Amino acid sequence: MYWGLRAENHRGHQSHGFLTYNEGKFYSYKNLDLVPKLKTSVIQEWFGRLPGNIGIANVRYTTSGKCDDQSIIQGTQPMTAEADGVKIAVSFNGNIVNTQQLLQEVTKEFPEIKCGCDSDLVCNKLLIELKSGKTLPEAVKATMLSLDGAFSVLCIMGNGEFFAFKDPHGIKPLCAGHSPDGKTLVFSSETVSLDINGFERDFELEPGELVTTTKDGHFERHQLIEKPQKAFCAFEYAYFARPDSLFDGRYVYEIREEFGRNLVKEYPEISKNSDIVLSVPETGDDPAMGVHEASGLRWERASRRHRYVTERAFILLNNERYSTIDRKVNILGSKVDGKRVIVTEDSIVRGDTTKVIIEKLRKSGAEKVYMFVTFPRIIGPCFYGIDMSTYGQLIGSTHNEEEIAKIIGADQVCYQSIENLVKATGCKKEDLCMACITGKYPTPLAQEFADKMKTRFLAGYQEKTRIYETVSESQGVQW
Ligand code: SF4
């Protein structure tokens, strides 16, 4: 579990948590920051602290609740809840939109509870259903149907039952696998944590599916939602997932290379009239390979990342991002001096990190800077677990390509088209969530909030917090 969680630290760097089950009791360890390196002397201490042979773990970056250290540690998963002899522990990836409605329901049942973020609510909602006398599939189905948002959930119960389920749109990844001797079963967001343990992947959970585990080491699959409409996050392909993870039998890096080849086809004149391609490390590396293959341009590895500055710029807080990217990326000046440069980048969200890279390139003497961006222009917020949750923070919500180029200092910004992005993933268009680039949200409440806030935003309203939390507050509910 430790190595698996470290392999997935890119999915959240603000805090980490482990929980194990042994003879009816839960044991947990939680802390801020990245999953730590363990010295040999500490390993025995951890074994003592976390006994048992069932466990769940989680890394988090905040998309719900406050961002100070105390709130982050309170929101660190796995969460636990207990009532009327039913006890559960939950680890969840995603984000819930109808938090206000859930909060009312949960506090009606448990008036003493203070829920600081959506993972608390998911845990307590599941507990309410489980203790109501429903069977496990009935309780999970009722929970699934009551939540608007994205949720891939792992759960251990006080009697040692271990199961996982995915929201009816399957927005976030979650796969199942086993150890070579078949004695250990595992669920994981990405396949990299199976690889690092030498485990084999069995299957990706379907949208609306519950998977239970049996004591003799088997998975049992229960499709709880009839004809679910899949909406897998397209941003996982462009940015979020690790390049060496497998989705639908293909490595993410292969798809990112295809993105690069697509950009050359879409912008042939720029590709013909440039001298080198350079990547914003590291999510720009695979598209740069694709650009190199399709155009013949040299992939000049003249932008280097500091190996020990590990945070991903995208998931940093606003005040941390600018300085981190400045310290993290080094441009080898003589390699770009006087050159017309194509820079491959996974996405432009706020534009601030891209601007730093372009400033550095200009200082080094780059004659032209063309941005090849694999994820199309982000025009709307995400409600499902990626913290781009207001219109105001998105440069693409109010600016077109030309304006963005001017703001960030590029000669041209070239986005991959939505059609080519979809084709490269191998998915059907209707099976992907692309809400942040199309404005069409797979869940009804997210659509309603996005539309309402867009109208207010365009009329001059200044968003102060995430949209789903603004709506909650305006309806009189304080987090
Ligand atoms: S809105 Fe964008 S980032 Fe969020 S789940 Fe959909 S595709 Fe992914």
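**Close-up views of a predicted model**

The ligand takes up the space of the largest cavity. The model is predicted.

**View 1. Residues around the ligand.** The shell around the ligand counts twelve nonpolar residues, with no polar and no charged ones. Cysteines in this shell include Cys 233, Cys 382, Cys 433 and Cys 436. Tyr 384 and Phe 235 also surround the ligand. So do Ile 171, Ile 386, Met 388 and Met 434. Ala 234 and Ala 435 complete the set.

View 2. The structure has one cavity of 30 Å³ or more. The volume of the largest cavity is about 100 Å³. Its lining is made up of 15 residues, and those closest to the centre are Cys 233, Phe 235, Cys 382, Cys 433 and Cys 436. By class, the lining has 14 nonpolar residues, no polar ones and one charged. The ligand shell, in contrast, has no charged residue.

**View 3. The buried residues of helix 11.** Helix 11 spans residues 285–295. Asp 285 and Asp 286 are buried here. Pro 287, Ala 288, Gly 290 and Val 291 are buried as well.

**View 4. What covers helix 11.** Helix 9 (252–266) is among the elements over the buried residues of helix 11. Strands also contribute to this cover, including strand 16 (276–279) and strand 17 (298–299). Strand 20 (340–345) and strand 21 (368–373) belong to the cover too.

How values were computed:
Residues numbered from 1 in each chain as written. Predicted model: local features only at pLDDT ≥ 70, side-chain atom pairs only at ≥ 80, totals over all residues. Heavy atoms only, no water. Near = heavy atom within 4 Å. 1 Å grid on protein atoms, 1.4 Å probe; cavity = no way out; pocket = protein on both sides within 12 Å on 5 of 7 lines; lining within 4 Å. Sits in = over half its atoms within 2 Å of the grid points. Nonpolar A, V, L, I, M, F, W, Y, C, P; charged D, E, K, R; others polar. Points joined across faces, edges and corners; volume = space filled by probe spheres on them. Buried < 20%, exposed > 50% of the residue type's maximum accessible area, 1.4 Å probe, protein only. Helix = DSSP H or I, 4+ residues; strand = E, 2+ residues; numbered from the N terminus. Contact = heavy atoms within 4.5 Å.
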